[in-house]
Amino acid sequence: MTTVLVTGCDTGLGVEFARQYATAGCRVIATCLEPGRAQATHEIAGNVHVMKLDVSDLAAIDALARELCGEPIDILVSNAGIARPHPPFGQTDYALWQRMLEVNVMGPMKLAEAFVEHVAASRMKVMAFLSARMGSIALNLTGGSYAYRSSKAGLNAVAKSLAIDLAPREILVLALHPGWAKTEPGGRVDVDRSVAGMRGIIERVGRHETGSFFAYNDIPLPW
Ligand SMILES: NC(=O)c1ccc[n+]([C@@H]2O[C@H](COP(=O)([O-])OP(=O)(O)OC[C@H]3O[C@@H](n4cnc5c(N)ncnc54)[C@H](OP(=O)(O)O)[C@@H]3O)[C@@H](O)[C@H]2O)c1
């Protein structure tokens, strides 16, 4: 049976990842920042285990990895993230920026380090990181969003290095952009379509594509 671990399953895309993988017959480890408020995740039918995890708590990531010791994880979906707000130039909130770096960059890196043996022991051996088109430096034509853009650009750098460093262990690493999904105000892409698209990419990519950055609709994005 395919086992999938998804972080940030309290709301949004994380809930949908858990739902779609459970519907596909996978065993899902759905980690939540606050399991008590993740009603939708608790209600998913199938083989879903809800566990508490704050991805900015590095010791908690290690503890969860120890708790799941010996359990292969086919697909690690690093989904948890902070996307808002976007204060303009001159009003930078440095505490928020630091928090974004902890949650959007360091947490995902720590997940990779803590769960590398679980993923290496699995059949599929995939680590997928929820990045954002806004993390692409090449595609930045509108400026602003300093904290969010730099956190996702940093995450992209992490994913690329992981792809290189973990290739000898046959672990496939991807950075994925979910589109402007309807979890966001004004979002245009239906949440189920976004997640189905990203799942499709995870299913179809070959080892030679490790270290790639794809949008949910399978379009490669520049760094
Ligand atoms: N939706 C989009 O259009 C879009 C576009 C590009 C990229 N993304 C990325 O896709 C991912 C999912 O986004 P989403 O749209 O589903 O947003 P979301 O609904 O805000 O989901 C993110 C989840 O991560 C949780 N989280 C925040 N800090 C955490 C922490 N320290 N530990 C564990 N969980 C934490 C959030 O909890 P709280 O609600 O308590 O903060 C939230 O439940 C994010 O990484 C986001 O940056 C989304």
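Colleague: Where is the place of P85?

Modeller: This is a predicted model, and in it P85 sits in the loop between β4 (75-78) and α4 (94-120).

Colleague: What kind of peptide bond joins R84 and P85?

Modeller: The general idea comes first: most peptide bonds are trans. Here, R84 and P85 are joined by a cis peptide bond, with omega at about -5 degrees.

Colleague: How should I read the phi of S145?

Modeller: In general, most residues other than glycine have a negative phi. S145 is not a glycine, yet its phi is positive, near 50 degrees. The residue belongs to the loop between β5 (126-130) and α5 (146-166).

Colleague: Is S145 buried or exposed?

Modeller: A residue counts as buried if 20 or more other C-beta atoms lie within 10 Å of its own. S145 is buried because 20 other C-beta atoms lie within 10 Å.

Colleague: What is the phi of D218, and where is D218 found?

Modeller: D218 has a positive phi of about 70 degrees, although it is not a glycine. D218 is found in the segment after β7 (212-215). With 12 other C-beta atoms within 10 Å, D218 is exposed.

Colleague: Which residues come nearest to the ligand?

Modeller: Of the 27 residues around the ligand, the nearest are G8, G12, A80, G81 and T183. Helix α1 (residues 12-23) supplies the largest share of this shell, 3 residues. Sorted by class, the shell has 13 nonpolar, 11 polar and 3 charged residues.

Technical notes: Residues are numbered from 1 along each chain as its sequence is written. This is a predicted model: local features need pLDDT of at least 70, side-chain atom pairs count only at pLDDT 80 or more; totals for chains, interfaces and linings use all residues. A residue is near a molecule or strand if its C-beta atom, placed from the backbone, lies within 6 Å of it. Helices (H or I, at least four residues) and strands (E, at least two) are DSSP runs, numbered from the N terminus. Ala, Val, Leu, Ile, Met, Phe, Trp, Tyr, Cys and Pro count as nonpolar, Asp, Glu, Lys and Arg as charged, and the others, Gly among them, as polar.
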